[in-house]
Amino acid sequence: MEHFEQINETSYLSVQNAPVYRKIMRCFYREYEKMHFQLYKEDIYRLLKEDEAFEAYSMEQLVQDLEALVKWKNLTPIQDPGKVYTIADYKNKQYRYTMSEYAVEIERLTVRLENLFLESGNLSTNFFVRLERSLDEAENMENAELRMVNEWWQTLQEDFKRLNQNYQDYLRDFYSGKTEKLMKSVEFMVHKDKFIKYLNEFVQELQRHSKRMEQLLEKNTERMENTILDRVVASELDIPHALLEIHGNAEPSIRENVYGKWYSLKNWFVDGQGQECEAKKVLKITSDIIRNIIQNAALIVQVQNWGISRKDDYKKFLELFLKCEDLEEAHKLSAHVFGVQQIEHYKTNIPRDEDGINNSVYQEEPALFLLKPHTRGYRERKDRTGFADKSLEKMAQRESYLRQAQKQKEVVLRYIREQKIRFAEIDEVVSEDTRAIFLQWIAQANMSSEKMGRTEYGQEYQLRKKEGSCVLKCEDGDLKMPDYTLEFK
C-alpha cells in the first residue's frame, strides 16, 4: 500500500472552517503566480481585508489559521531574523510563509475545477489527420535518432490524448441532467439543427478516418511491437532524470507505460478479441444522441400542437369526404389525412355475412362498436332517473328474519333442563345453526376469567367443565368436545 497514505495537505478543503482556509490559500496562490513566493502575515491580512466577508476578521484569527495550515504542511514558515528589533519581536518570531509543492498543485487543481464548465470539449477531426501523419512516419523511426523518436512518440500520444479527452468532454454534456432537461425544452428547438449538423459531420469524418487508421495500425503493428517501441523505451531512458537515477532501474515501468499507451491507441481503432473498438462505440453514442435530439424535437412539436383545436380542420375533411365521387378517391383522401404511420387495425369477433377470403372489408355490412376512452378519469354517464320504493320488500325480509330468529330461540332454549344444558346428555341430532350457537356461548365464557357469559336473549350463565369428553351429534357429523355444562341463573 505504498503511496496510498492519507494526504494531510488536502485537509483544509473539507474542514468546518474551509471557506476561510481556502481564501487564505487562494491569496497565497495568486501571489505565487506573480512570483511573490514569501509573504508576511501582514501581507495576507491586507489581502483578506479587501474582501467584505472578512471585515470582522482579526489578526489573532489569522495567526491561528496560519498555524493550522502550517500543521497540515500547506505552508512552510521561514523565520525572518532581519525584522527583529526588540526582544518582544524575537519572542513573537516574525515569519515569512511560503506554499509547499503539494499546496501549489492542490490550489491549481481547485482553480481548474472551478473553471471546468468553461472548458467545453469539441469534436474536431484534425487529430485524425495528425494521427495519420504520425503513423505514416512510423517506418522512418526505425533508423532515426533517439531524440527524434522521442519527439515523434510524444506528438503521437499527445494528439491521441487530446482526441480522447475532447470527445469525452463534449459527449459527456449530453448525458448530464441539465443538458437532458435543456434538450426537452422549447428553447432547444432553435439550436437542434446546428447540433445535428455538427454531429453528422463528425460521424462522417470519423467513418472516413477510422478505416484509414485501422489500415495503418494493422500495417505497422509488427514493426511497432518488434522494433519501434523498443526504441521509444530507449529514448525515454536516454533522458536523464534525477529521481529515476536514485530509485534505480526504471526500464520495467517505462516499458509498461509505453506498451500500455500503444495498446490503447490500437484498441481505439482496431477491434480486439471479442470487443468492439472505441471508434465504433463513439459512432453508436453519437448516433444515439442525434436520434434523441430528433425525438425530443418531435415530442415538443406534438406537445405544442395538443392545445390547438382541430374542430374546423375535421369539418373541412368531412366535407371533402362527402364530395368524393367514388371509394378510390376516398382512399386517397384518407391516406393524405391520416397517413401511413397513423393507421390502426381493429379485429372483431362478429360473424361475417360471407366466408370468401378475397372479399374486402368494404363489401361487408358496417358494425357498430362502443369505444370508451382509456383514461383514469373517465366515468360513464348515468341517466338521472328515480329509484323504486322497496319498503315492502325490506319489511318482508325483516319479518322473515325475526320469525327465523324466534324459531331458533325456541329450539335452543328447549335444551335447557333444570337451568342447565348438559351437552353429554343431548341424544338427538342438532342442526348446524344450533351447534354454532352452542359453540359461540362456550367460546364467550372461555374468554372470561370467571367463565361467565350472557346469551343474546339476555340470560346469564356459567361454564362448567368435567373430566373426560362427550360427543355432540350434528346433522353434518359428530363433534367430539370436552364435557361442558352451562348453568343458567
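Analyst: A residue is called buried at under 20% relative accessible area, exposed at over 50% and partly exposed in between, using a 1.4 Å probe and protein chains only. The model here is predicted, so local features need pLDDT of at least 70 and side-chain atom pairs pLDDT 80 or more, while totals for chains, interfaces and linings use all residues. Residues are numbered from 1 along each chain as its sequence is written, and side-chain values use heavy atoms, without hydrogens and water.

User: Thanks! Why is threonine 98 called buried?

Analyst: Its relative accessibility is 16%, and the limit is under 20%, so threonine 98 counts as buried. You can find threonine 98 in strand S3.

User: What is threonine 98 in contact with, leaving aside its neighbours within four places in sequence?

Analyst: Contact means heavy atoms within 4.5 Å. By that rule threonine 98 touches Phe37, Gln38, Asn74, Leu75, Thr76 and Ile78.

User: Let's turn to helix H3. How do you know that its span is close to the expected one?

Analyst: Helices (at least four residues) and strands (at least two) are DSSP runs, H or I for helices and E for strands, numbered from the N terminus. H3 covers residues 59-71, which makes 13 residues. The expected span is 1.5 Å times one less than the number of residues. For H3 that gives 18 Å, and the helix reaches 18 Å from its first C-alpha to its last.

User: What makes one face of H3 the buried one?

Analyst: The buried residues of H3 are Leu62, Asp65, Leu66, Ala68 and Leu69. Looking down the axis of H3, these residues fall within an arc of 160°, so they line one face of the helix. Glu60, Gln64, Glu67 and Lys71 are exposed on the other side of H3.

User: Which elements cover the buried residues of H3?

Analyst: The cover includes helix H1 (18-33), helix H2 (41-49), strand S2 (75-79) and strand S3 (95-99).

User: Why is the meeting of arginine 212 and aspartate 136 called a salt bridge?

Analyst: The term asks for a side-chain nitrogen of Lys or Arg within 4 Å of a carboxyl oxygen of Asp or Glu. Here the N to O distance is 3.5 Å, so the pair meets the definition. Arginine 212 lies in helix H9 (residues 192-238) and aspartate 136 in helix H6 (residues 126-136), so the pair ties together parts that are 76 residues apart in sequence.

User: Is arginine 212 exposed or partly exposed, and what about aspartate 136?

Analyst: Arginine 212 has a relative accessible area of 36%, so it is partly exposed. Aspartate 136, at 35%, counts as partly exposed too.

User: What makes lysine 489 exposed?

Analyst: Lysine 489 has a relative accessible area of 70%, and exposed begins over 50%. Its salt bridge partner is glutamate 460, with the closest N and O atoms 3.5 Å apart. Glutamate 460 lies in strand S6 (residues 460-474) and lysine 489 in the segment after strand S7 (477-488), so the pair ties together parts that are 29 residues apart in sequence. Glutamate 460 is partly exposed, at 29%.

User: How many salt bridges does a search of the whole structure find?

Analyst: The search finds 18 salt bridges. Another pair is glutamate 487 and arginine 464, whose side chains meet at 3.3 Å, N to O. Glutamate 487 sits in strand S7 and arginine 464 in strand S6, 23 residues apart.

Key
The arc is that of the directions from the helix axis to the C-beta atoms.
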